[in-house]
Amino acid sequence: MLGNHLHSILFIVWINMAQLEGKEEQEKTTALKDLLSRIDLDELMKKDEPPFNFPNNLEEFEYAFNEKGQLRHIKTGDPFVFNYREDLHRWNQKRYEALGEIITKHVYELLEKECNMKKEILPVDATDDEPKSFIYVTEDALSNPDKLLVLIHGSGVVRAGQWARRLIINEDLDSGTQIPFIKRAVEEGYGVIVLNPNENYIEVEKTKKQTEPSPDSSDEPAEKRERKDEKETKKRRDFYEKYRNPQQERETEQIPIRENSSPEEHAVYVWDNFISKSSAKNIFFVAHSYGGLSFVELMIQREAEVKSKVCAVALTDSVHNVWHQEAGKSILEWMQEHCCNWVSSAEPLDTAVETMLPDCTRVSAGTERHELTSWKSFHSIFKYFTDAFEAQNCEAKPTSTVTTRSANRIKHEEL
């Protein structure tokens, strides 16, 4: 009897202890849930963004151009890798841009050392303390009596001597730079001028006072200014939200280069101060992408001069639009006789391509990649120039059989 009573007491004690332990576990679980609810898991997944400190030359980047002109890693021999650090796209992009600036300087060195070109500072009467740009010219650019070749690249980050930075980094120097055009032109007796239409301003860092907006400094209505500020704030927040410690970019202001503040203005300025003063009887242009638009604008502003001196123009996937640019009938007629546009197309090289615009012949560049159109049409362009030059000379000579530009254009279209 006593034993049974003792067992009953022990059973009751065990139940009470179990209940207490259960409460403790429940309290612990509740506390853990509360703790987890206060932790921002997205924040924990964020990474500290490394500083934007990049090498200043190819050697420090551990890259070099091989004998084929391809950019390769010095140690591994691998092509350039964009995603150097996973999940750090902005940092990778900044690294790519830093390499691009080094590539630009490298191409300048090649223009000077391999192509024997020299810089001409713009404006030609620039003072010591004003922003400046420059172009590249061969020694005989202005004195060559026969032929002058002018090269104009497209818009964006490219500078003098380049067609496409992406091609230089991922393909090779031949496809991405203007160097093959320059060397071929020099071999065939041309003087050469390389324009620099994207060098339109210099950037200087804003002082702290300049970065602080003044409520009275803008003529914009207050509501519009507030909407703009909200938009910029959201943009910055979205831009930095994936990092715990994002690198703050320095704020800069742009100071335009006098008479060269846009690609179109640059083309006219170089024409007035260099090209028009050359001794060459026959001037040829190669203009890629936005460079074609700049040429048409030059044509509109200096029509008579261009007609009297330019023999032929090779456009490569030009983005000009004679309707939007309001080119006159006389310009359209001249372009039909003197211009050919090698456009991106799946058709074989030099195949005629239909167009709605009544400006110039369009043929396939043999590639669907916009940035490759200049390189892929390289040989066709120089043949086109040779045919135009011979036709020009035939017109100048009083012979019984005269080959006109029209006949030459028809011949090229058949080709």
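1. **How to read the model.** This is a predicted model, in which local features need pLDDT of at least 70, side-chain atom pairs count only at pLDDT 80 or more, and totals for chains, interfaces and linings use all residues. Residues are numbered from 1 along each chain as its sequence is written, and side-chain values use heavy atoms, with hydrogens and water left out.

2. **The chain as a whole.** You will find 16 helices and 12 strands in the chain; helices (H or I, at least four residues) and strands (E, at least two) are DSSP runs, numbered from the N terminus. Of its 415 residues, 41% count as buried, where buried means under 20% relative accessible area, exposed over 50%, and partly exposed in between (1.4 Å probe, protein chains only). The chain exposes about 23,700 Å², with carbon and sulfur atoms supplying 51% of that area; the areas come from the Shrake-Rupley method with a 1.4 Å probe, and for residues, only the protein chains shown count as cover. Among contacts (heavy atoms within 4.5 Å) with a separation of 6 or more, residues 24 or more positions apart account for 71%.

3. **The sheet.** An open sheet of 8 strands runs in the order β3-β4-β6-β5-β9-β10-β11-β12, with mixed pairing; two strands pair if DSSP finds at least two bridges between them. At the edges stand β3 (118-122) and β12 (361-364), each with a single partner strand, so one side of each is left without a neighbour in the sheet. From one strand to the next, the twist averages 20°.

4. **Helices against the sheet.** Helix α10 (residues 263-273) packs on the sheet and touches β3, β4 (133-137), β6, β9 (282-288) and β10, its direction making about 110° with that of β3. Helix α13 also packs on the sheet, touching β10 and β11 (339-343), and its direction makes about 80° with that of β10. For these angles, axes are lines fitted to C-alpha atoms, for helices over the stretch in contact, and angles run from 0 to 180 degrees between N-to-C directions.

5. **Strand β5.** β5 (residues 147-152) runs parallel to β6 (residues 190-194), joined by 5 bridges, and parallel to β9, joined by 6 bridges. Val150 stands opposite Ile193 in β6. On one side of β5, Lys147, Leu149 and Leu151 are buried, and on the other Leu148, Val150 and Ile152 are buried, which leaves both faces covered.

6. **The nonpolar cores.** A nonpolar core is a set of buried Ala, Val, Leu, Ile, Met, Phe, Trp, Tyr and Cys residues joined through side-chain atoms within 4.5 Å. The largest has 52 residues, and those with the most contacts inside it are Leu111, Leu149, Val286 and Phe385. Helix α4 (residues 89-113) gives the most to this core, with 10 residues. A second, separate core of 36 residues includes Val296, Val313, Trp334 and Cys360. Leaving out residues up to four places away in sequence, Leu149 touches several residues, including Phe181, Ala185, Ile193, Val286 and Phe385.

7. **Helix α7.** Phe181 and Ala185 belong to α7 (residues 179-187), where they are buried, as are Ile179, Pro180 and Ile182. Just after this helix, Gly189 takes a positive phi of about 90°.

8. **Two serines worth a look.** Ser318 lies in the loop between β10 (310-316) and α13 (329-338) and is buried, with a relative accessible area of 11%. Its side chain joins that of His320 in a polar contact of 2.5 Å; a polar contact is a pair of N or O atoms within 3.5 Å, and within protein, one must be able to donate a hydrogen and the other to accept it, while residues adjacent in sequence count only if both atoms are side-chain atoms. Ser364, in strand β12, is buried with a relative accessible area of 0%. The side chain of Ser364 reaches the backbone oxygen of Glu347 at 2.7 Å, and one of its polar atoms lies 2.9 Å from the backbone nitrogen of Gly366.
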